[in-house]
Amino acid sequence: CASIPETLIESELFGYEEGAFTGAKKKGAIGKILQAHGGTLFLDEIGDMPKHLQARLLRVLQERKVNPLGAGKEVDVDVAVICATNKNLKEMIAQGEFREDLYYRLNGLVVRLPSLRQRSDFEVVTQKILKSLCENGASVTISPEVMKLFRAHHWPGNFRQLHNLLRTAVVMVGSQGVIEPMHLPDDFLEEHAQQQGPATRTASVQASPAENNTPAPAETDGQRLQDVALIAMTK
């Protein structure tokens, strides 16, 4: 619901007949709701659906009929609907941004997914992501120091942030090695220091290889991210 432009989401969901609007396909198009007939329709980011379309969706769910744009008749439709959102819909209702009747029409079974920092299986999730990033027999592990840092982090970017962070670290370590703090991007270390408070931030700055030009430990085959950036800048 967030990725489709507001001017197109109505035709994408409900479909349209030939000549319904300028630029329409000659034979029209079947909307996502009719495509899901007899199955399941998943609406991601339902909180971003324009309010005037919320009324149309409510009518479809209540009457089990859909009226494509430009069509002179309604079409029966049988779908199970699953919605997802990262917004607080009850707050949106209070602010007049989401229809209360649609909320309670959709509100059957609610499953709340915990954020990454709330996961009790954080280390299992981290190792699984790391394994998916190691290809061609590569063996990369995470040092206890980095894992402790990960567990204390707030992860505002949730799983995407962890995935991208590990992907960068794997590249910096190489095919064999252990992920150490020196393999993590500066912006992550700075973000973590800001979350932990002034004392931690000072310690992180003092330990930064970029500040004191401390050479990388001899036991690792990986390069420091700061060194790679410096080489790229000099070139």
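In α1, residues I9, S11, L13 and F14 are buried (under 20% relative accessible area with a 1.4 Å probe, protein chains only). This is a predicted model, in which local features need pLDDT of at least 70 and side-chain atom pairs count only at pLDDT 80 or more, while totals for chains, interfaces and linings use all residues. Residues are numbered from 1 along each chain as its sequence is written, and side-chain values use heavy atoms, with hydrogens and water left out.

**Surroundings of α1**
- The cover over the buried residues of α1 includes α2 (32-35), β1, α3 and β2 (65-66); helices (H or I, at least four residues) and strands (E, at least two) are DSSP runs numbered from the N terminus.
- After α1 comes G15, with a positive phi near 80°.

**Nonpolar cores**
- The largest nonpolar core has 24 residues, of which L43, I46, M49 and F98 touch the most other members; such a core is a set of buried Ala, Val, Leu, Ile, Met, Phe, Trp, Tyr and Cys residues joined through side-chain atoms within 4.5 Å.
- At least two residues of this core come from each of α1 (6-14), β1 (40-44), α3 (51-63), α4 (89-94) and α5 (100-106).
- The most is given by α3, with 5 residues.
- Another core, of 23 residues, lies apart from it and has C134, V140, L149 and W155 among its members.

Note on methods: Buried means under 20% relative accessible area, exposed over 50%, partly exposed in between (1.4 Å probe, protein chains only). Contact means heavy atoms within 4.5 Å.
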